[in-house]
Amino acid sequence: MSTENENPVTHRRPFFDAHFHVIDSRFPLYENDGYTPEEFTVEQYRGRTAALGVTGGAVVSGSFQRFDQSYLLDALARLGTGFVGVTQIPHDVPDEELLRLAGHGVRGVRFNLRRGGSAALEHLDTLARRAHEVAGMHTELYVDARDLPELAATLAALPAVSIDHLGLHADGLPHLLALVERGVRVKATGFGRVELDVADVIRAVLKADPAALMTGSDLPSTRARRPFADADLDLVAEAAGEHLDAVLHDNALAFYRM
């Protein structure tokens, strides 16, 4: 009898987990829309992914962590080499703080347009540009792709951008692909959140730009209809074909400048 962790893909290929969360009750947590997440520590993450061939990854701040950096810096220190951070910062964060965070391995600034907890949309362009110019950080968005047309000009002009969870909805795919063709990256994450055919979207993004797609577990899958399953990587493998190594590992390393 096979088990979930007997996934052939995870035993063959190194995996850079481009999107996961650490939730540690030793640090501030904030209720968001009546929701407070259960704990998911570095140790729990290590245990859950022990069979997945993880070589590194990106710890992403959630809405429930707002602008707290203490949990993230602690998590990066515990995770060690190969792991980076994607954080949320206020629009008026000092340049010195950007440089401090970058020195601890923070590589990206997240704008959570779905759940809040991040800097507001009105500050997207100026904050994204300043974070990149000062500290080399890229911009990451949790956004429904159906809302991309109003953001397209801004996003396409930014130096480095990624969009979470395949853009969430099938109706937004044309808008997502238009941005991929202009250099925006996409994360194949959160399959339990999306309203689309995952394999079809993966193939479409790869056709537009084979370097654009990165894969993440989205663990612990807070508020998703279903949590990440090891078999999700099989789905990625089937859809990615010859691009599998890039999608599981190489594209993310290039994006996060590892």
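**Close-up views of a predicted model**

**Figure 1. The whole chain at a glance.** In this predicted model, the chain folds into 10 helices and 8 strands (DSSP runs numbered from the N terminus, with at least four residues of H or I for a helix and at least two of E for a strand). Its radius of gyration is 17 Å, close to the 18 Å that the globule rule gives for 258 residues, so the chain is as compact as a globular protein of that length. That radius is taken over C-alpha atoms, and the rule is 2.2 Å times the number of residues to the power 0.38. Along the principal axes, the C-alpha atoms fill a box of roughly 55 × 40 × 35 Å. Of the 258 residues, 55% count as buried (under 20% relative accessible area, with a 1.4 Å probe and protein chains only). Residues are numbered from 1 along each chain as its sequence is written. Local features need pLDDT of at least 70 and side-chain atom pairs count only at pLDDT 80 or more, while totals for chains, interfaces and linings use all residues; side-chain values use heavy atoms, leaving out hydrogens and water.

**Figure 2. Inside the nonpolar cores.** Here a core is a set of buried Ala, Val, Leu, Ile, Met, Phe, Trp, Tyr and Cys residues joined through side-chain atoms within 4.5 Å. The largest one has 71 residues, and Leu-148, Leu-155, Leu-166, Ile-202, Val-205 and Leu-213 have the most contacts inside it. Look for Ile-202: leaving aside neighbours within four places in sequence, its contacts (heavy atoms within 4.5 Å) include Leu-166, Phe-191, Leu-213 and Val-236. A second, separate core of 11 residues includes Ala-18, Val-60, Met-214 and Phe-255.

**Figure 3. Asp-218, a covered acidic residue in a loop.** Asp-218 lies in the loop between strand S8 (213-215) and helix H9 (231-240). At 1% relative accessibility, Asp-218 counts as buried. Not counting residues up to four places away in sequence, Asp-218 touches Asp-17, His-19, Phe-20, His-21, His-165, Thr-189, Gly-190 and Arg-193.

Figure 4. Helix H3 (residues 70-79) is mostly covered, with 7 of its 10 residues buried. Those buried residues are Tyr-71, Leu-72, Leu-73, Asp-74, Ala-75, Leu-76 and Leu-79. Just after H3, you can find Gly-80, which takes a positive phi of about 85 degrees.

Definitions and conventions: Buried < 20%, exposed > 50% of the residue type's maximum accessible area, 1.4 Å probe, protein only.
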